[in-house]
Structures are given as structure tokens and as C-alpha cells.
Amino acid sequence: MTGATIRPACAEDVAALAALKRATFRQAFVDGGFHIPYPADDLAGFERASYSVEAVATELADPQRMQWVAEADGRFIGYAHVGPAKLPHPDVSAGDGELYQLYLDDAAQGLGLGRQLLDIALDHLAAARPGPIWIGVWSGNHRAQAIYAKRGFVKVGDYRFPVGEWHDDEFILRHEGAARD
């Protein structure tokens, strides 16, 4: 993989970004990685609601949200998505920001793109939403938890993330100060 670049996502990216979101979610949680046994109907409904072209187009059109794509060799290999905090925690307030998603294709792991996407996302949130920055992370994703802890995020709660009728146990992380430590 050569010449990876990161740029803001735009409306013309919607189909490719939707496909990447679905593929990287499956790589991480279904087909590889964590092998969560989501019931087929729950997974299909979640993917329609979250990763359809229509859902991603709505996200891209929302001026309160921002997404970036990493691309190399003519295809998308990673992305980050941020916006207003919506995690179910009593301390979340209107001005706070949240990192909704940061995923890389398996083939892009180890290239430093995850770190770059995280830096861009956190810098954007620190400038656009000066309150705390929030992240929800699956309780079994110890690698992500360690990365966020090194950046100054601390666990402040738990919640159940719905994938249809299935629920993943998630941790709520918060960063109080400047986004980058």
C-alpha cells in the first residue's frame, strides 16, 4: 500500500464510505477480530440503519458532524467520524464532542493512519467543541482502550450499545482537557 492520504469526506464519497464502514465493522466485530455472534437479523438491521448509503449521506450532510477518509491506491482504507456528544452519560452536555467511529481496513493496520486519523479528529473536536471529548468503546477492545488511555481518556461509565436486539457492553471514556497530550 503506497501513498496514503487523509482528507475530509464529501458527498461524492458516500457510496464508498458506506461500503468501508460496513466492511471495517465486520472485520473488527464479526468476521475477524472479536467474532461477536450477532444474530443475522439484528446485524442486518443495524447495518441498514448505520451503514446504508442513505444513512451515511445523512451523516455527511449534517453540518455538526465531520468525517475524514484515508485512501491509498485508489480506495478508502480508513475513516474517522465525530460530532456532538450523544453518549448516555449524565455529564454529557450540548457543547461536548464525541469520536463516534475510527476504523481502518485490516490491510491498513500498522501504517500509522489510525494515529493520524485520531489526531485530526481530536484536534477538530478541541477546536469545534471546547467541552470534554467523549468516546464509547467496546468493553472487549483492550487495544483501543489502551490507546485512548495514553491520550488522557478515562473511563467514566458503561452502557449497552444496541445492535438490533443484541447489546454490546461498552465503556464511556472522557477527556477533560486539550485533546492531545
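Reader: So, how many salt bridges does the structure hold?
Author: The structure holds 13 salt bridges. Keep in mind that this is a predicted model.

Reader: Okay, what does R7 do with D13?
Author: Their side chains meet in a salt bridge, 2.8 Å from N to O. R7 is partly exposed, with a relative accessible area of 26%. D13 is buried, at 6%.

Reader: And what about E71 and R7?
Author: The side chains of E71 and R7 also meet in a salt bridge, at 2.7 Å from N to O. E71 is in strand β2 (residues 66-72) and R7 in strand β1 (residues 5-8), so this pair ties together parts 64 residues apart in sequence.

Reader: Which residue does K155 form a salt bridge with?
Author: K155 pairs with D158, and their closest N and O atoms are 3.2 Å apart. K155 is partly exposed, with a relative accessible area of 47%, and D158 is partly exposed too, at 48%. Elsewhere, salt bridges that share partners join R22, R26, D31 and E47 into one network.

Reader: Now rings with rings. How many aromatic pairs are there?
Author: The count comes to 14 aromatic pairs. Take F25 and Y38: their ring centres are 6.0 Å apart and the planes are at 25 degrees, so the pair is stacked. F25 is in helix α1 (residues 14-29), while Y38 is in the loop between α1 and α2 (40-51).

Reader: Are F25 and Y38 buried or exposed?
Author: Both are buried.

Reader: What kind of pair do F29 and W138 form?
Author: An edge-to-face one, 5.9 Å centre to centre with 85 degrees between the planes. F29 lies in helix α1 and W138 in strand β5 (residues 133-138), so the pair ties together parts 109 residues apart in sequence. F29 and W138 are both buried. Ring pairs also link a cluster, including F25, F29, Y38, F46, Y51 and W138.

Reader: Switching to α2, which of its residues are buried?
Author: D42, L43, F46, E47, S50 and Y51. Seen down the axis of α2, these fall within an arc of 130 degrees, so they line one face of the helix.

Reader: What's on the other side of α2?
Author: There, A40, D41, R48 and A49 are exposed.

Reader: And what covers the buried residues of α2?
Author: The cover includes α1, α3 (53-61), β4 (97-104), β6 (154-163) and β7 (166-175).

Key: Residues numbered from 1 in each chain as written. Predicted model: local features only at pLDDT ≥ 70, side-chain atom pairs only at ≥ 80, totals over all residues. Heavy atoms only, no water. Phe/Tyr/Trp six-rings, centres within 6.5 Å; stacked < 30°, edge-to-face > 60°. Helix = DSSP H or I, 4+ residues; strand = E, 2+ residues; numbered from the N terminus. Buried < 20%, exposed > 50% of the residue type's maximum accessible area, 1.4 Å probe, protein only. Arc of directions from axis to C-beta. Contact = heavy atoms within 4.5 Å. Salt bridge = Lys/Arg side-chain N within 4 Å of Asp/Glu carboxyl O.
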